[in-house]
Amino acid sequence: MSRAAALSVDAKRAFGALLPMLDWPELRDLLVQVSNGEGRLWVDHGGSMLPVPDWRVSPDTVRALAVNLIAAGGRHIDELHPCADVRLGDGIRVHAVLPPASVAGAAVSVRVPRAAPLDFVGLVSGGFCTSRQLELLVAAVTGRKNLLVTGSTGSGKTTALAALLSLVPHHERIITIEDVAELRLLHPHWVGLESRQANSEGVGELSLDRLLREALRMRPDRIVLGECRGAELMTLLTALNTGHDGGAGTLHASSLVDVPARLEALGALGGLDTRALARQVSAALHLVVHLERDAAGRHRLASLGRFRLAGEVLGVEEVT
């Protein structure tokens, strides 16, 4: 099924003239923003972000696009709550920001998944890693090691994690927990959980912590937490220290050596000092899988790392 065909009627209507673009084979991102008083469109469908030269709409049209797409995902956005994130169809992620948070005008970011999920064989066949790295990755997944997949925006963290999880034996149950569900696993025993914001009356919230508690009651073999951007790190460490080995999570980081500093910053948001964080991370996470996107737009494994304690401070060393 095409990406557009998997959308609800409301989502198709909200995308409007942008709908056919969703089925471009190599499309990764659609960005709509107000610049100099007019709406402009940028697309990434081949390795770099390029503007669509003749695409122009009014600022009100961009605002309506933002409001309608978020509403199609079951959430609400307005001046009091100017930022929102939703999942549409088969893994399309939409983020929108309205004024006053977005100074020049509304901005909409649409992240589009691959037309079909990659299994691990498909990932490796595209030159993802070396033969030595391949051995280490397979051994880590089949040996039930806990993984942290890191990289910058657009480096392929979600794609790589989903492909790695396709190596999990089919009798094992995988529970994924995400703020906005993006993971699409080629695995027969998988349950995906997605958080939910409170409604306009302040009720109905489903936090990542709550979903973790629910997941622990669902007889999981492996627990996977989506992207850590803040105090979610505490949820990940809690999940991976419950005795359910073979779990994973993802984290934004520009290089392997930057990962400890990123973790320390996020740990501080959760009330952990550097000593406590170092001990928890070194116990919970066994392998760092750092990704990058090359000049041609291909996702590749840049390096593998292992956490270590340097006194009471968290460090990381490259695995070769």
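How many helices and strands are there in the chain? There are nine helices and 14 strands, where helices (H or I, at least four residues) and strands (E, at least two) are DSSP runs numbered from the N terminus.

This is a predicted model, in which local features need pLDDT of at least 70 and side-chain atom pairs count only at pLDDT 80 or more, while totals for chains, interfaces and linings use all residues. Residues are numbered from 1 along each chain as its sequence is written, and side-chain values use heavy atoms, with hydrogens and water left out.

**Overall dimensions**

Along the principal axes, the C-alpha atoms fill a box of roughly 55 × 45 × 35 Å. The chain exposes about 14,700 Å², of which carbon and sulfur atoms supply 52%; the areas come from the Shrake-Rupley method with a 1.4 Å probe. Among contacts (heavy atoms within 4.5 Å) with a separation of 6 or more, 53% are between residues 24 or more positions apart.

An open sheet of mixed pairing is formed by eight strands in the order 9-8-10-11-7-12-13-14; two strands pair if DSSP finds at least two bridges between them. Strand 9 (190-194) and strand 14 (313-319) are the edge strands, each pairing on one side only. From one strand to the next, the twist averages 25 degrees. Within this sheet, V149 stands opposite T250 in strand 11.

Helix 6 (residues 208-216) packs on the sheet, where it touches strand 8 (174-178), strand 9 and strand 10 (222-228), and its direction makes about 170 degrees with that of strand 8. Helix 8 (residues 259-269) also packs on the sheet, with strand 12 (287-293) and strand 13 (299-310) among the strands touched, and its direction makes about 145 degrees with that of strand 14. Such angles run from 0 to 180 degrees between N-to-C directions, with axes fitted to C-alpha atoms, for helices over the stretch in contact.

**Strand pairs**

| Strands | Sense | Bridges |
|---|---|---|
| Strand 7 (residues 147-151) and strand 11 (residues 248-252) | parallel | five bridges |
| Strand 4 (residues 83-88) and strand 5 | antiparallel | six bridges |
| Strand 5 and strand 6 (residues 107-111) | antiparallel | five bridges |

Five of the six residues of strand 5 (residues 92-97) are buried, so this strand is largely enclosed by the rest of the structure. The bridge partner of C83 in strand 5 is V97, and R93 stands opposite R111 in strand 6. The hairpin of strand 4 and strand 5 has three residues between the strands, and G89 takes a positive phi near 60 degrees there.

**Helix packing**

The axes of helix 8 and helix 9 (residues 274-284) come within 10 Å and cross at roughly 115 degrees. L263, E264 and G267 of helix 8 make the contact with T274, L277 and V281 of helix 9.

Helix 7 (residues 232-240) is mostly covered, with eight of its nine residues buried. Among these buried residues are E232, L233 and M234. Their cover includes strand 7, helix 6, strand 10, strand 11, helix 8 and helix 9.

Key
Buried means under 20% relative accessible area, exposed over 50%, partly exposed in between (1.4 Å probe, protein chains only).
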